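Please keep the sequence and the structure open while reading.

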Amino acid sequence: MRTGHEYDEDMAGDDDGYGEDDDYTFDDDSCDYDEVETTEVNAADDGEEAEQRYVVLTEDAVRARQEAETAKVAEILSIPRGFAAVLLRHFKWSAGRVQEEWFSDDARVRAAIGMPADDGGVPVPTAVSRAEMSCAICFVYYPAGETRSAGCAHYYCGECWRAYIRAAVDDGARCLALRCPDPSCPAAVVQELVDVAADKADRERYARFALRSFVEEGGSGGAGGGRMRWCPGAGCTRAVEFLGGGTGDAHAADVFCACRHGFCWSCGEEAHRPVSCDTVRAWLDKNASYTETSNWVLANTKHCPRCRLPIEKNQGCMHMTCPPPCGHEFCWVCLDPWDNHTGCAGFPAAADGDGNGRQEERTKRQQSRSQAAMDMDRYVYHYERWAANYSSLENVFKDMAQLESAEIERIAAVVGQPAASFAFLSKAYEQIAHGRRVLKWAHAYGYYLDPVRDAAKRGLFEDLLDQANSQLERLHAAAELERRELFCSDAEPAVVRDLLKYYKDKVESYTAATRTFLRNLVTAFETTDLPEFKSLK
C-alpha cells in the first residue's frame with residue numbers, strides 16, 4: 001500500500017505563486033500536490049493499494065509553505081512580513097482567522113501582537129536613529145544611524161540589541177514573542193529586526209524556532225488543521241502532513257516517514273497496527289514497572305537447550321545455532337529444535353487431552369500457582385516475543401540500509417546484472433519489517449487475553465499468529481541467511497548466476513505468502529471483534 005509521498009517545494013525565483021488574477025480568499029486546506037515533484041514512500045503492509053493518507057515534507061518544503069503563507073498575509077493586509085508572521089503565530093497559523101479578526105477589529109489585533117497603531121502608513125518593523133542619542137540600556141551616546149528601535153521610540157545600540165536577542169533565543173521558543181526591551185513598551189521584535197541586529201548563530205536559531213512554530217502550533221489547529229507534525233525518528237528533520245483516512249480508526253492512523261520511522265498519528269507512539277492505542281499504552285506501562293536490566297536479559301539472552309551455554313541474540317531471524325562444539329540449531333523463541341520446527345506453540349491454558357505429557361504437566365504446574373505467578377509467566381512469555389520481534393526489526397533496518405548503500409551493487413557486480421534486478425530483496429525486507437512490527441504488537445495484545453476467560457478468542461489469535469510467524473521466519477531466513485551464503489565474497493560467479501533465478505523465485509514466493517498470512521492476521525483485528533476485549537478495564 002503506498003501511503004505517503006515525500007516532496008520538496010522550491011520557490012521559483014521571485015514568483016511567489018500569486019498572480020494578478022488570484023482569489024485572495026484564505027483557504028487553510030488548499031494545496032495543489034499535482035504541481036509538486038513527488039517521491040513515493042512505500043510503507044510495507046498488506047501489499048494493497050490505498051488512497052494517499054499523508055505526505056512527507058522535507059524541511060525546505062515546510063519552510064516554503066511558511067514563507068508563502070506569510071507573504072500572502074503580508075500582501076493582503078499591506079504589512080511587513082515580520083508582522084504578518086507574528087499575526088499568524090498569534091492565531092495558530094490560521095490565515096482564515098487572521099482575516100476574520102483583522103477586518104473585524106484591526107486596532108484590537110494590533111494591540112494584541114505589539115504592532116504600532118494605524119496612522120495611515122505602513123508599520124515599521126525597525127527604525128534607526130536620525131540624530132545623536134544615547135542607548136537606553138548602556139547609556140552610551142552614539143551618532144545618528146548607530147542605534148535602532150523596534151519601530152517605537154526606544155533606541156538601543158547594536159551590542160545591546162545583540163545581547164538582548166541572544167538572551168531571548170537562549171530562553172527557547174518564547175523569543176518569538178519578544179517585545180521592546182523597555183518594560184512599558186509593547187512593540188514586537190520581529191524577523192526584520194532580528195535579521196539586522198542579531199549574530200548569525202542567533203538568527204539561525206530564531207529561524208529554527210519560527211519554523212517549528214509553523215508545524216507545532218499550526219499543526220494543532222491552524223495551517224495544518226491539526227494535521228502536520230515533525231517525524232519523531234532519531235535525527236530526522238522531515239514533517240508529516242495527515243490528509244485524511246479517519247484518525248478515529250486506530251488501525252488507519254499509522255504513518256511512515258521517508259526515514260522509515262513509523263508512528264501512530266493518534267497517540268504519537270511508534271506504529272502499532274493492528275492493535276489499539278489503549279493496548280499500546282497499557283503494555284508500555286506494564287513494561288515500565290519492570291527493571292530495565294531484567295527486560296534486557298529476557299529479550300537478549302537464553303541458554304542453549306542442549307549444552308546450556310548462555311547465548312546472546314545479535315541478528316534478525318529466530319534460527320539460532322549454538323557455537324562449536326555444540327552446534328545445536330533451535331528456535332530462539334520457543335527453543336524447539338530447528339530441524340522439525342513448524343511454529344511456536346501458544347501460551348498454554350489448560351490440558352488439551354491430546355496425550356502430550358509435557359503439555360499436561362506444564363498445565364498442571366501452572367494451575368497450581370497463584371494468579372500473580374501465572375500473570376508473570378504470561379507476561380514473560382509475551383514480552384520475550386515482543387522484544388525478540390523488536391530486536392529483529394532493528395536488525396532488519398540495518399540490513400536494509402546496508403543493502404541500499406553497497407550490498408546490492410556488490411551482488412549485481414558479481415552476477416553481471418543491473419542493480420534494479422535485485423529489487424525483490426528490498427521488497428522482501430520491507431515485508432519482513434512490516435511483519436516484525438505486526439507480530440511485535442500482536443504479542444502485546446496477546447498478554448491481555450486471559451488464557452481461561454478468553455480461551456476461544458485466544459485460540460483464534462494464536463492460530464493466526466502462528467501461521468503468520470511461520471511464514472515470516474521462512475522469508476526472513478531466506479532473505480538474510482541464504483542471501484549471505486549465496487552471495488558470499490568467495491562465491492563463484494558462475495554458480496551464483498545459475499542459482500539466482502531459483503533464489504529470486506523462492507524469495508518472491510515467500511514474500512507473497514508472508515503478505516497473505518499477515519493480511520489474515522491484520523484483517524482478524526480490523527474486521528472481527530478480536531480487539532474488543534475487557535481485560536484492560
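How many helices and how many strands does the protein have? The model, which is predicted, has 14 helices and 16 strands. Of its 537 residues, 47% count as buried. Contacts between residues at least 6 apart in sequence give a view of how the chain comes together: 64% of them join residues at least 24 apart.

Strand β3 covers residues 54-57, and β10 covers residues 239-242. These two strands pair in the antiparallel sense over four bridges. Within that pairing, V56 has V240 of β10 as its bridge partner. Are the residues of β3 buried or exposed? Y54 and V56 point one way and V55 and L57 the other, and all of them are buried. Strand β10 is likewise covered on both faces. A239 and E241 lie on one side of β10, V240 and F242 lie on the other, and all are buried.

Strand β10 also pairs with β9, residues 228-230, again in the antiparallel sense, this time over three bridges. Here W230 stands opposite A239 of β10. The loop between β9 and β10 holds A234. A residue counts as exposed when its relative accessible area is over 50%; A234 has a relative accessibility of 83%, so A234 counts as exposed. The C-alpha atom of A234 is separated by 8.5 Å from that of H261, a residue 27 places away along the chain.

A separate open sheet is made of three strands in the order β4-β7-β8, with antiparallel pairing. Why is one side of β4 and of β8 left without a neighbour in the sheet? Strands β4 (127-128) and β8 (156-157) stand at the edges and each has a single partner strand, so one side of each has no neighbour there. In general, strands of a sheet pair through backbone hydrogen bonds, either parallel or antiparallel. Two bridges join β4 to β7, which spans residues 147-149.

Among the helices, α2 (residues 81-90) is mostly covered, with eight of its ten residues buried. The buried residues are G82, F83, A84, A85, V86, L87, L88 and R89. After α2 comes K92, which has a positive phi, near 55°.

In soluble globular proteins, nonpolar side chains tend to be buried together. The largest nonpolar core of this model has 52 residues, and those with the most contacts inside it are W283, F422, F487 and L521. Helices α8 (277-288), α11, α12, α13 (455-486) and α14 (493-527) each supply at least two residues of this core. Which helix gives the most to it? That is α12, with 13 residues. Leaving aside residues up to four places away in sequence, F422 touches I408, I411, A412, V415, Q417, F487 and L500. Apart from this core lies another, of 29 residues, among them V73, L77, W93 and A239. A239 is also one of the buried residues of β10.

The last topic is the space left inside. Rolling a probe the size of a water molecule over the atoms shows where empty space is left. The count comes to two cavities of 30 Å³ or more. The second largest cavity contains about 30 Å³ of space. Which residues line the second largest cavity? Its lining consists of R260, M400, L403, E404, S426, Y429 and E430. Helices α11 (371-415) and α12 (423-447) each supply at least two residues of that lining. By class, three of the lining residues are nonpolar, one is polar and three are charged.

Terms used: Residues numbered from 1 in each chain as written. Predicted model: local features only at pLDDT ≥ 70, side-chain atom pairs only at ≥ 80, totals over all residues. Heavy atoms only, no water. 1 Å grid on protein atoms, 1.4 Å probe; cavity = no way out; pocket = protein on both sides within 12 Å on 5 of 7 lines; lining within 4 Å. Points joined across faces, edges and corners; volume = space filled by probe spheres on them. Nonpolar A, V, L, I, M, F, W, Y, C, P; charged D, E, K, R; others polar. Buried < 20%, exposed > 50% of the residue type's maximum accessible area, 1.4 Å probe, protein only. Pairing = 2+ DSSP bridges. Core = buried A, V, L, I, M, F, W, Y, C linked by side-chain atoms within 4.5 Å. Contact = heavy atoms within 4.5 Å.
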